[in-house]
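Please look over the sequence and the structure shown here before reading on. The notes that follow take up a ligand site and the pockets of the protein.

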Amino acid sequence: MTMNSNKLRQLVYDLRHQPVVTWITLTGTALSVFLMMTVISMEQLYTMPFAPESNRPRLLFGQNMEVGFIGSQGSSSSALGYSPAEKLYRRLPGVEMEAMFQIESQNAEAEGSTGRPYEVKCRRVDHNFWKIYDHTLLEGRYFDSIECAAGTRMAVISQEMARNLFNNENVIGFEVLVGYVPYKVVGVVKNTSALARQASGDIFLPMSQATASSYQHGMLGNVSVVMLLEDGADKEKIRNEVKARYATLATELADQGMVPIYHEQPYDVGTVSRGGYGSNNSPDDSGYKRERMITYLILLLLPAINLSSMLHSRIRRRVSEFGIRRAFGCTRARLMGDIISENFVVTVLGALVGWLCSLVFLMSYSGLYQNGWGDIIGDTPALTMLLDWRLLLMLLGVCFILNIISASLPAWLASRVNTVEAINGRHTK
Amino acid sequence: MSIISLKEVSKLYRTKEIETMALENINLDIEEGEFVSIMGPSGCGKSTLLNIMGLLDSASSGSVDILDCNVGKLGDSASARFRNANLGFVFQSFHLIPSLNVAANVELPLVYRSGVSAAERRRMVQEVLERLGMSHRIKHLPTQLSGGQCQRVAIARAIVGKPKIVLADEPTGNLDSRMGAEVMSLLHRLNKEDGTTVVMVTHNEEQARQTDRIIRFFDGHIVS
Ligand SMILES: Nc1ncnc2c1ncn2[C@@H]1O[C@H](COP(=O)(O)OP(=O)(O)O)[C@@H](O)[C@H]1O
Ligand SMILES: [Mg+2]
């Protein structure tokens, strides 16, 4: 299975003399790897840690709430009201701190001193949000717990918004209108990638009992909870505690004819980012995994079938050579091994092209909300991820599997041809 | 004991339409160091005989002993090893590998032999090409060579591993008479200098007369 310079030279000769087949083989492999890398990368981008979401592996989310009505089939669900959020998720054992915040940013219209209105992504967050997530503060400060609780009208905005709204970077103390309500700018943070699903935003406003929205007797609202776990905390234990608190809440609510319906909360970052469930049902993680496996399988099998027939026609014109090799002492097994290993090189070549494509694609995808190439090279999560040795190792694994699937049959057929017929260039199969 | 010994060897080709008895109860002994030529009209089974002696094909019945080994019983890898160690092949249409240069073509049998280092392979290739007067073409591709040169490279490939037996199926069939004579003298040198046993199929009476023994074939039988 070794590759020496002769084999490599022969491979290049072989590829150059069948340009069409070579191109189809290479683009086929590249396309397959590109698709697979993109799917995997998207998945990875949901869960890998990067600023400002460097704590992702240690986070759990109390995302939403469903309340049922006793004596009726109906129920109502959305993010939580402030007080049930506190009751269910405040000071859980194994949790270092928790923050109340809007897990999804909201579109709003903002206006600064330039007088030009901008459509912005706005998010209400409390003081702990700034501790759990690691934004980079460029100017000023974040709001503290007292200001938060008081519902003070202050805002932390992104660098880009400072430029857009004020044409200026020294904007501390300036007033920004968000939905026609004035807020005082107290801090400016560095822009964040839109891939930071839970922490990115243009404008951050204080979240508290006073500012949270509330309906359904305060049960529902716009509050979600993010919890930063202590090192080595047991997620199952925390879930069980939350479940117990649901039961307590249920007895409290019974008087009002309501019952909170438990949906396996709190979730980890992968579950939240993948979505695919509503506020009134439980995420189906095993179903999701099954779906993913089928996707990967299809992404592997379709091109493998194609590549297989490509390889078959590539080696057809070499039957005579294989016959000669057999005559001079090459065993069937060795012949098969040589064909497969040779094809592996082609697969890796195609995979490299596909990998480069996904690199370019993901860089432009995650480069949203980035300014200039400096930023992109510096801390684009996609780049860090695609250069990760584990991913590269996996890519090599994918090539290997793709190669085994596509090359085995043609190689076996080639090794089975009768030696004499092979030498004379006849192939019965 | 003969170096090649065939007893009651038959070969039956079966296709959907017809059955062809290519060899019928052949008994043949070839001694070590002999230069034997096989003659006969086209389709009489000469190549079939050579292929069976070369372990490239198997007999339908009968026994084949080469170097005191009953080769009919060998499995794929054992027979590959046996060919590699003891047999060299020369074909009418050379059958060089077009994508490999002269050195790599000649090296082929050594690649499949265990325990030969790359340096040693290079040395052996160099040596055999010098012997056959082809060392100045070592980097050429087969397409850059004349027919006679191709056949010389093919002979180099056949003997680089120092086999006991060389099987040549119409080695001069594709060459003009001058080049044919050159190839014949190479085979004779090989036979004289190294004591290699040569079995050659030919249509050329004059070439055949220069060998130790002529075996005449007709329709699957030895006639003389
Ligand atoms: N693979 C095969 N399948 C069927 N018949 C074959 C095959 N190879 C050879 N034959 C037949 O066997 C006979 C002997 O062929 P061959 O040994 O090639 O003859 P020669 O080399 O003397 O010209 C011929 O009639 C030929 O048609
Ligand atoms: Mg013949």
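**Briefing on the pockets and the ligand site**

About 610 Å³ of space lies in the second largest pocket, where a pocket is found on a 1 Å grid over the protein atoms alone as an open set of points with protein on both sides within 12 Å along at least five of seven lines, for a 1.4 Å probe. Grid points are joined across faces, edges and corners, and a volume is the space filled by probe spheres set on them. This is a predicted model, in which local features need pLDDT of at least 70 and side-chain atom pairs count only at pLDDT 80 or more, while totals for chains, interfaces and linings use all residues. Residues are numbered from 1 along each chain as its sequence is written, chains are lettered from A and ligands numbered from 1 in the order in which they are written, and side-chain values use heavy atoms, with hydrogens and water left out.

**Second largest pocket**

- Its lining (residues with an atom within 4 Å of a grid point) is made of 30 residues, and A:Asn4, A:Ser5, A:Asn6, B:Ala104 and B:Glu107 lie nearest the centre.
- By class, this lining of the second largest pocket holds 12 nonpolar, 6 polar and 12 charged residues; Ala, Val, Leu, Ile, Met, Phe, Trp, Tyr, Cys and Pro count as nonpolar, Asp, Glu, Lys and Arg as charged, and the others, Gly among them, as polar.

**Largest pocket**

- The largest pocket has a volume of about 900 Å³, and of its 35 lining residues A:Val420, A:Asn424, A:Arg426, B:Tyr13 and B:Asn51 lie nearest the centre.
- Helix 1 of chain B gives the most to this lining, with 5 residues; helices (H or I, at least four residues) and strands (E, at least two) are DSSP runs numbered from the N terminus.
- Ligand 1 sits in the largest pocket, meaning that more than half of its atoms lie within 2 Å of the pocket's grid points.
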